[in-house]
Amino acid sequence: QVQLVQSGGGLVQPGESLTLSCAASENIFNFNAMGWFRLAPGKDRDLVADRDLVADINIGGRRDYADNVRGRFVIYRDGPKNTVYLQMNNLNAEDTGVYYCNARIDPNGIWWGQGTQVTVSS
């Protein structure tokens, strides 16, 4: 079975940076895409960043971001390490939440990491 193991997270001050990692149990290019979602207090779990791994193989790797993180967050991968990262820059309180990585295989396969708390507070 696919296993996604997250690391990183913690308490940071506004304006600081933090990097999350998600290590997969197999070649990440077996997946169609991997991404990061955030569950914020009182809100639904929403997409933060996504990377098309099929495109990564074929045409270079398309990346999508939520509007409120675009320009601050970067999703990138290390294929040999089977790992996808989320580099979060200039963090603010609205970025607080539990971050989950996921991996997908079309049409219906989806797997989730265990979740990592990120708290941004002064």
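Among contacts in the protein chain between residues at least 6 apart in sequence, 54% join residues at least 24 apart; contact here means heavy atoms within 4.5 Å. The model is predicted, so local features need pLDDT of at least 70 and side-chain atom pairs count only at pLDDT 80 or more, whereas totals for chains, interfaces and linings use all residues. Residues are numbered from 1 along each chain as its sequence is written, and side-chain values use heavy atoms, with hydrogens and water left out.

**The whole chain**

The secondary structure comes to 1 helix and 11 strands, where helices (H or I, at least four residues) and strands (E, at least two) are DSSP runs numbered from the N terminus. Followed along the sequence, the pattern is β-β-β-β-β-α-β-β-β-β-β-β.

The C-alpha atoms fill a box of roughly 40 × 30 × 25 Å, taken along the principal axes. The radius of gyration of the protein chain is 14 Å, which agrees with the value near 14 Å for a compact globule of 122 residues; the radius is taken over C-alpha atoms, and the globule rule is 2.2 Å times the number of residues to the power 0.38.

Now switch to a surface. The protein chain exposes about 6,300 Å², of which carbon and sulfur atoms supply 46%; accessible areas come from the Shrake-Rupley method with a 1.4 Å probe, and for residues only the protein chains shown count as cover. Buried residues make up 45% of the 122 residues, where buried means under 20% relative accessible area, exposed over 50%, and partly exposed in between (1.4 Å probe, protein chains only).

Colour the charged side chains next. There are 11 positive and 13 negative side chains, and the centres of the two sets lie 3 Å apart. Lys and Arg count as positive and Asp and Glu as negative, without His and the chain ends; the place of a charge is taken as NZ of Lys, CZ of Arg, CG of Asp or CD of Glu.

**Ala 103, in a strand**

Select Ala 103, which is placed in strand β9. Ala 103 counts as buried because its relative accessibility is 0%. Beyond four places in sequence, Ala 103 touches Leu 4, Phe 31, Ala 33, Met 34, Gly 109, Ile 110 and Trp 111. The C-alpha atoms of Ala 103 and Ile 28 are 75 residues apart along the chain and separated by 8.3 Å.

Move to Thr 83 in strand β8. Thr 83 is buried, at 7% relative accessibility. A polar atom of the Thr 83 side chain lies 2.8 Å from the backbone oxygen of Lys 81. Not counting residues up to four places away in sequence, the residues touched by Thr 83 include Ser 21, Cys 22, Ile 28 and Tyr 76.

Next, select Thr 96, in the loop between β8 (83–88) and β9 (97–105). Thr 96 is also buried, with a relative accessible area of 17%. Its side chain places a polar atom 3.0 Å from the backbone nitrogen of Val 120. Among the residues that Thr 96 touches, leaving out those up to four places away in sequence, are Arg 38, Pro 41, Gln 117 and Val 120.

**Backbone geometry in the loops**

Most residues other than glycine have a negative phi, and most peptide bonds are trans. Which bond joins Asp 106 and Pro 107? A cis peptide bond is found there, with omega about 5°. Pro 107 belongs to the loop between β9 and β10 (109–112), and its 74% relative accessibility counts as exposed. The C-alpha atoms of Pro 107 and Asn 32, 75 residues apart along the chain, are separated by 9.4 Å.

Then select Asn 82, in the loop between β7 (73–78) and β8; its phi is positive, near 55°. Asn 90, in the loop between β8 and β9, has a positive phi near 50° and is partly exposed, with a relative accessible area of 47%.

**Last stop: Gln 13**

Finish at Gln 13, in the loop between β2 (10–12) and β3 (18–24). Gln 13 is partly exposed, with a relative accessible area of 45%. Apart from neighbours within four places in sequence, Gln 13 is in contact with Val 120 and Ser 121. The C-alpha atoms of Gln 13 and Tyr 76, 63 residues apart along the chain, are separated by 23 Å.

How values were computed. A polar contact is a pair of N or O atoms within 3.5 Å; within protein, one must be able to donate a hydrogen and the other to accept it, and residues adjacent in sequence count only if both atoms are side-chain atoms.
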